[in-house]
Amino acid sequence: MTISTQKHSNQVLKKPRITEKATLVTDKNQYVFVVTSDATKASVAKAVEQVYKVKPTAVNIVRIPAKKVIIRGRRGMKSSMKKAYVYLKKGDKIDLA
């Protein structure tokens with residue numbers, strides 16, 4: 001493995017998304033990650049394979065747009081993000097703790 005591919009795989013996956021919904025779907029061998037805005041299904045699959053040493057069966061990507069919010073009378077913006085849902089075959093597991 002070259003340095004450039006290792007650097008790239010660490011940059012594609014920003015962090016695992018640990019929410020109530022994301023932890024419920026781990027029973028179905030599905031994991032959720034926050035990824036960079038230019039990530040593709042192939043690059044996410046390759047990054048998961050290199051970092052966690054498991055081969056994903058499928059990857060779905062969702063783009064969450066920025067949203068205007070008002071908190072305590074002040075206007076603001078929630079930032080946009082891109083999520084990747086990674087599916088693994090039965091028996092494979094990723095330890096996020």
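**View 1. Strand 1 and strand 2 pair in the antiparallel sense.** Their pairing runs over 3 bridges; two strands count as paired if DSSP finds at least two bridges between them. Strands (E, at least two residues) and helices (H or I, at least four) are DSSP runs, numbered from the N terminus. Leu13 has Val35 of strand 2 as its bridge partner. The model is predicted, so local features need pLDDT of at least 70 and side-chain atom pairs count only at pLDDT 80 or more, while totals for chains, interfaces and linings use all residues. Residues are numbered from 1 along each chain as its sequence is written, and side-chain values use heavy atoms, with hydrogens and water left out.

View 2. Val44 touches Val12, Leu13, Val35, Ala39, Val59, Ile61, Ala84 and Val86, not counting residues up to four places away in sequence. Contact means heavy atoms within 4.5 Å.

**View 3. Val35 lies in strand 2.** Val35 is buried, with a relative accessible area of 2%. Buried means under 20% relative accessible area, exposed over 50%, and partly exposed in between (1.4 Å probe, protein chains only). Leaving aside neighbours within four places in sequence, Val35 is in contact with Val12, Leu13, Lys14, Val44, Lys82, Lys83 and Ala84. The C-alpha atoms of Val35 and Arg63 are separated by 9.8 Å, and these residues are 28 apart along the chain.

**View 4. The largest nonpolar core has 15 residues.** Those with the most contacts inside the core are Leu13, Phe33, Val35, Val44, Val48 and Ile94. Strand 2 (30–35), helix 3 (41–52) and strand 6 (81–88) are the elements that give two or more residues to this core. A nonpolar core is a set of buried Ala, Val, Leu, Ile, Met, Phe, Trp, Tyr and Cys residues joined through side-chain atoms within 4.5 Å. Of the 97 residues of the protein chain, 31% count as buried.
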